[in-house]
Amino acid sequence: MPRKSATTATPSVPGGDDRRPNHAAGAGSTVPTVTLGKAVPANAAAVAVPAFSDRLNKVDGVRKAVLDRAGFAGRVGQTLVLDDGDSARIVVGLGPAAKVGATALRKAGAAFTKALRGHRRAAFVLPDDTGDLTQAQAAGAVAEGVVLGGYRFDAYRSQAPKKGAASVTVVVEDPRAARPALDRALASADAVTFARNLVNEPGGALTPAVFAEAVTERASAAGLTVEVLDAKAIEAAGLGGIVAVNKGSVHPARLVHLTYEPADPLLDEDGDPVTVALVGKGITFDSGGLSLKPADGMMDMKCDMAGAAAVSAAMCALPALDVPVRVESWTPLTDNMTGGDAQRPGDVYTARNGTTVEVLNTDAEGRLVLADALALATETKKAAVLDLATLTGACMVALGDKIAGILGNDDELLGDVEEAAEVAGERVWQLPLPADYRAQLDSSIADLKNIGTRFGGTLTAGLFLQEFVADGTPWVHMDIAGPAFLAAEDGEHPKGATGFGVRTLLALLAAWGEDVTDQVDAED
Ligand code: BES
Ligand code: MN
Ligand code: ZN
């Protein structure tokens, strides 16, 4: 028998002894499975008992005195585990009955999964009152919460996790009627899982080529058209910003271009398919380049491709959700490093649309790769273009780490994004694009410089991007620097990668051409 110190120093990896993770990029996580049932399965070891904060005397089989004694008030996401030996009842708070909706049910589903601990088989009995939601919609919201809240990224642990994935039955009156809503919820939650997995991958593992391969595989399987530009093609296409950022790296850049064609596409007044463009920042690691970040600021910078991950993951879910509008995505991929030929502060490059840019701070690199992608995306007619990017620390200063900033040139599109985010349970807040701040980006030797003054950094970043959106194209930029990657879990959003933006995009695109808020009513 080996000595104890030897075994602890080199944990064995199942399936190999070289200690390399044996998972594909975009995989490596555990999430609960969710099914529908008409009754609590006999083998369920834990059952959720939903409780409204203003109906604590009507909680099924639990006396109010028990709840009071435990300090259980029925707040959204509050749980109380009542364990009687091998089976547990878990009281789950839903807040006030009058306010019950997708958000409360999603948070309840997430809280329930977390409270399960060891129990593998569980059931969630829907409350008899689901407010404006049908049972099917309520089941979808609970399922979404269960999957999103039960996510675990184990890809790099040497020991297989002790707890396997939980299996949760959502109990509804008519499982067949609830099936389509459940399928949609699971397709969207699965897209979030994929985005999270990509973002949680270390920057040294998820190079641009590995990212592009993982997305190619999933997108092809989903039936999308995939085009990947390699470093040579990127240079040939005049994508100067991507080339400039990639100069400091040993890993060649990529640009992934995906296309989703709906079976029965919405047509515009000319009879052409209405096309929405998505763009995502894909910096696989941001060291800052020669304008190097301090150690603390670099620690989480594997998350700097979260925009590209959210866009790619959402694209792959469009067929399953039967989205009515044609969608194309562009995700520029490179890391931002300090190699011998890295761009220097003061260097000038020419962007895809001919604009020359003086790079005074190499850590403002996201806007350089997005600029090329936005120009490319809007070269042909688009009904709208949306970009998602972990773009500025300033956005976290302004809004904290739970709320994304949105900026854009079209009030209607901004309003639609706000509504879609609300439906999805992702928080956004609009920030302005003040025309007079644009002068901060005047360069003394080129058309533009890539930084403004110390203050309002999210706004000048937005103004920079606006220069590359073709005139007349409605555009919204989402700065997801805060909510893409969390220091601590928050309801259905886990610590680390959250997949923020995926569900807002899906809610927006699924309802394209209709009122987004009608989605909830239109589903039954
Ligand atoms: N990727 C960062 C922004 C970021 C910061 C994302 C924290 C997530 C968490 C971006 O490339 C960056 O470095 N922005 C600079 C811009 C500045 C140099 C004008 C920033 O925010 O400091
Ligand atoms: Mn940076
Ligand atoms: Zn960055």
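**Exercise 1. Find how the donor residues of the zinc ion (ligand 3) are spaced in sequence.**

In sequence, the spacing of these donor residues is K-x4-D-x17-D-x60-E. Lys-281 sits in the loop between β11 (275–280) and β12 (282–286). Asp-304 sits in the loop between α9 (295–298) and α10 (306–321). This pair is 23 residues apart and links distant parts of the chain. Helices (H or I, at least four residues) and strands (E, at least two) are DSSP runs, numbered from the N terminus.

Before going on, note that this is a predicted model: local features need pLDDT of at least 70, side-chain atom pairs count only at pLDDT 80 or more, and totals for chains, interfaces and linings use all residues. Residues are numbered from 1 along each chain as its sequence is written, chains are lettered from A and ligands numbered from 1 in the order in which they are written, and side-chain values use heavy atoms, with hydrogens and water left out.

**Exercise 2. Describe the site of the zinc ion (ligand 3) and name its arrangement.**

Step 1: list the donors. Donors are N, O and S atoms within 2.8 Å of the metal (3.2 Å for Na, K and Ca); water is not among the atoms, so sites may look incomplete. The protein donors here are Lys-281 (NZ), Asp-286 (OD), Asp-304 (OD) and Glu-365 (OE). They lie 2.0 to 2.4 Å from the zinc ion (ligand 3).

Step 2: check the angles. Six donors count as octahedral if opposite donors are over 155 degrees apart and all others between 65 and 115. The ideal angles for six octahedral donors are 90 or 180 degrees. The 6 donor atoms here subtend angles of 78 to 174 degrees, so the arrangement is octahedral.

Step 3: Asp-286 bridges the zinc ion (ligand 3) and the manganese ion (ligand 2). The two ions lie 3.1 Å apart.

Step 4: check burial. Buried means under 20% relative accessible area, exposed over 50%, partly exposed in between (1.4 Å probe, protein chains only). Both Lys-281 and Asp-304 are buried.

**Exercise 3. Place Arg-503 in the fold and decide: buried or exposed?**

Step 1: locate the residue. Arg-503 lies in helix α15 (residues 502–510).

Step 2: read the area. Arg-503 has a relative accessible area of 4%, so it is buried. In α15, 8 of the 9 residues are buried. Among them are Val-502, Thr-504 and Leu-509.

Step 3: find its partners. Contact means heavy atoms within 4.5 Å. Beyond four places in sequence, the contacts of Arg-503 include Arg-106, Glu-144, Glu-426 and His-493. Ala-424 is another contact. A polar atom of the Arg-503 side chain lies 2.6 Å from the backbone oxygen of Ala-424.

Methods
Polar contact = N/O pair within 3.5 Å; in protein donor to acceptor, adjacent residues only side chain to side chain. Tetrahedral: all angles 85-135°; square planar, octahedral: opposite > 155°, others 65-115°.
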